[in-house]
Amino acid sequence: MIRSEDRGPVRLITLDRPERRNAVDGPMAEALGEAVGAAERDDGVRAVVLTGAGGAFCAGNDLKAMAAGEFPVPVADGPPPMRVTRAAPAKPVVAAIEGYCFGGGFELALWADLRVASTTAEFGALNLAQGLPCLDGATVRLPRIVGQGRALDVLLTARRVAAEEALAWGLVTRLVEPGEALREGLALAGAVAALPPGALGAARRSVLEQWALPEGEAARGEADLALR
């Protein structure tokens, strides 16, 4: 249900359960965590592309599996449903998105550094309409990407956001024709992987770590990371 392959220095991780629009059940979540962990530990991997098979990114958590008790009961100090989303990824991640990107799948895409989507993509926290809370970072990352007002628009209405609107908001980095998200995502990740890792890594860490810091302290943190 999770496939991994290397394209040079880029690790491609594919959610491969197209008959369920790549909805994630408990075993698939565990496999996703293992695949991401393996990529982060591999010194030959410089960037990761995360995508879904069969024309969808991820429809979220598998509601049938949840109803059957096949998902562990989430707790605040335990792993999140998607396993990998509690902390920022250790290496740059590009999400290549076609079709459905909902619920936990939406939160997984928000976890990525960059999002490439085709015009078929749709985004949203549809889980909220089912009374299911966000547990994979949507309420933290979405406001930081698109701003509080737009984030609340998406969350409080539990509506679908079309790809064109997502691009206008900056939620999507690049918009491509149907079927082209993976190709463009791999090209983008390849460009990232080709850059000198030292300065690139320092810049990325500074961006990710500055949110909780006053401006002056964040600026000193940038210099400390850059000059190590």
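Is Asp16 buried, exposed or partly exposed? At 27% relative accessibility, Asp16 counts as partly exposed, where buried stands for under 20% relative accessible area, exposed for over 50%, and partly exposed for anything in between (1.4 Å probe, protein chains only). The structure is a predicted model, in which local features need pLDDT of at least 70 and side-chain atom pairs count only at pLDDT 80 or more, while totals for chains, interfaces and linings use all residues. Residues are numbered from 1 along each chain as its sequence is written, and side-chain values use heavy atoms, with hydrogens and water left out.

Asp16 sits in the loop between strand 2 (10-15) and helix 1 (26-41). Helices (H or I, at least four residues) and strands (E, at least two) are simply DSSP runs, numbered from the N terminus. Not counting residues up to four places away in sequence, Asp16 touches Met1, Arg3, Asn22, Met28 and Ala53; touching, or contact, is a matter of heavy atoms within 4.5 Å. With Arg3 there is also a polar contact, side chain to side chain, at 2.8 Å. That term covers a pair of N or O atoms within 3.5 Å; within protein, one must be able to donate a hydrogen and the other to accept it, and residues adjacent in sequence count only if both atoms are side-chain atoms. Asp16 also belongs to a network of salt bridges that links it with Arg3, Glu5 and Arg7. A salt bridge here is a side-chain nitrogen of Lys or Arg within 4 Å of a carboxyl oxygen of Asp or Glu. As for Arg204, it is 188 residues from Asp16 in sequence and 29 Å from it in space, C-alpha to C-alpha.

Side chains of opposite charge can pair when their charged atoms come close. The structure holds 18 salt bridges. One of them joins Arg174 to Glu184, with the closest N and O atoms 3.0 Å apart. This pair ties together distant parts of the chain, as Arg174 is in strand 9 (residues 174-176) and Glu184 is in helix 7, 10 residues apart. Arg174 is partly exposed at 37% relative accessible area, while Glu184 counts as buried at 16%. Glu184 has another partner too: it forms a salt bridge with Arg183, the closest N and O atoms being 3.7 Å apart. Arg183 is partly exposed, at 48% relative accessibility.

Asp136 tells another story. Found in the loop between strand 7 (122-124) and helix 4 (138-146), Asp136 is buried yet has no salt bridge, and the nearest side chain of opposite charge, Arg86, is 6.3 Å away. For charge, Lys and Arg count as positive and Asp and Glu as negative, with His and the chain ends not counted.

Next come the cysteines. A disulfide is a covalent bond between the sulfur atoms of two cysteines. With the cut-off set at a pair of cysteine sulfur atoms within 2.5 Å, a search of the whole structure finds zero disulfides. Cys101 is in none, and the nearest cysteine sulfur, that of Cys58, is 7.5 Å away. Cys101 is buried, at 0% relative accessibility. The sulfur of Cys134 is 13 Å from the closest cysteine sulfur, in Cys101, and therefore too far for a bond. Cys134 is buried as well, with a relative accessible area of 18%.

Finally, helix 5 (residues 148-157) has Ala151, Val154 and Leu155 as its buried residues. They sit on the same side of helix 5 because they cover an arc of only 90 degrees around the axis, the arc being that of the directions from the helix axis to the C-beta atoms. The cover over these buried residues includes helix 3 (103-111), helix 4, strand 8 (161-162) and helix 6 (163-169). On the face turned away from the buried side, helix 5 carries the exposed residues Gly149 and Leu156. After helix 5 comes Ala158, with a positive phi near 50 degrees.
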